[in-house]
Amino acid sequence: MPGKRWFSLTPMILIAALIIAVHFSLPPAKGIDLKNILGMWEGEFTGKDSSKIFPIRVIFHEDGSYQYDSAYKTTKGIVKLKKGKIHLLWDGWEGMTFSLRQEKGRQMLFNENPGFGIYRLGRVK
């Protein structure tokens, strides 16, 4: 009865082969590369009640560092790209996290913190 045993495994083998074929035929997941964000980005922060609006500037450098400037603070640190997000790290702390989006044909960095406000920056250079 060895032939019958192989016959019962055939559907499982076919399903496994199909899963492997589909996996290797899919395009790679889109991520963010440091090259996609290099340069200067400017925009603004708008508080959740729109009472606070102030300018922001972030400069991303080729070495993986950044400089963040706002009306309230300036920080320098490193950029960490993880799961399609841009994380700004300084002095061991994880700070701002941005998503890269397309809005009306323009690249934008976006962060929304429901309890705090919205950050929107566009590429300058």
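This is a predicted model: local features need pLDDT of at least 70, side-chain atom pairs count only at pLDDT 80 or more; totals for chains, interfaces and linings use all residues.

User: What makes up the chain, and in which order do the elements run?

Analyst: The chain has two helices and eight strands. From the N terminus on, the order is α-α-β-β-β-β-β-β-β-β.

User: How do the eight strands close into a barrel?

Analyst: The strands close in the order S1-S2-S3-S4-S5-S6-S7-S8, with antiparallel pairing. From one strand to the next, the twist averages 30°.

User: Why are S7 and S8 called paired?

Analyst: Pairing requires at least two bridges. Strand S7 (residues 106–113) and strand S8 (residues 117–123) share six bridges in the antiparallel sense, and therefore they count as paired. Within this pair, Met 108 stands opposite Gly 122 in S8.

User: What is the volume of the largest pocket, and which residues are closest to its centre?

Analyst: Its volume is about 190 Å³. Of the 13 lining residues, Lys 73, Trp 90, Gly 95, Met 96 and Tyr 119 are the closest to the centre.

User: Which strand supplies the largest share of the lining of the largest pocket?

Analyst: S6 does, with three residues. Strands S3 (65–70), S5 (85–90), S6 (93–103) and S7 each supply at least two.

User: What share of the chain is called buried, and by which cut-off?

Analyst: Buried means under 20% relative accessible area, and buried residues make up 30% of the 125 residues in the chain.

Notes
Residues are numbered from 1 along each chain as its sequence is written. Side-chain values use heavy atoms; hydrogens and water are left out. Helices (H or I, at least four residues) and strands (E, at least two) are DSSP runs, numbered from the N terminus. Axes are lines fitted to C-alpha atoms, for helices over the stretch in contact, and angles run from 0 to 180 degrees between N-to-C directions. On a 1 Å grid over the protein atoms alone, a cavity is a set of points where a 1.4 Å probe fits but cannot get out, and a pocket is an open set with protein on both sides within 12 Å along at least five of seven lines; lining residues have an atom within 4 Å of a point. Grid points are joined across faces, edges and corners, and a volume is the space filled by probe spheres set on the points. Buried means under 20% relative accessible area, exposed over 50%, partly exposed in between (1.4 Å probe, protein chains only).
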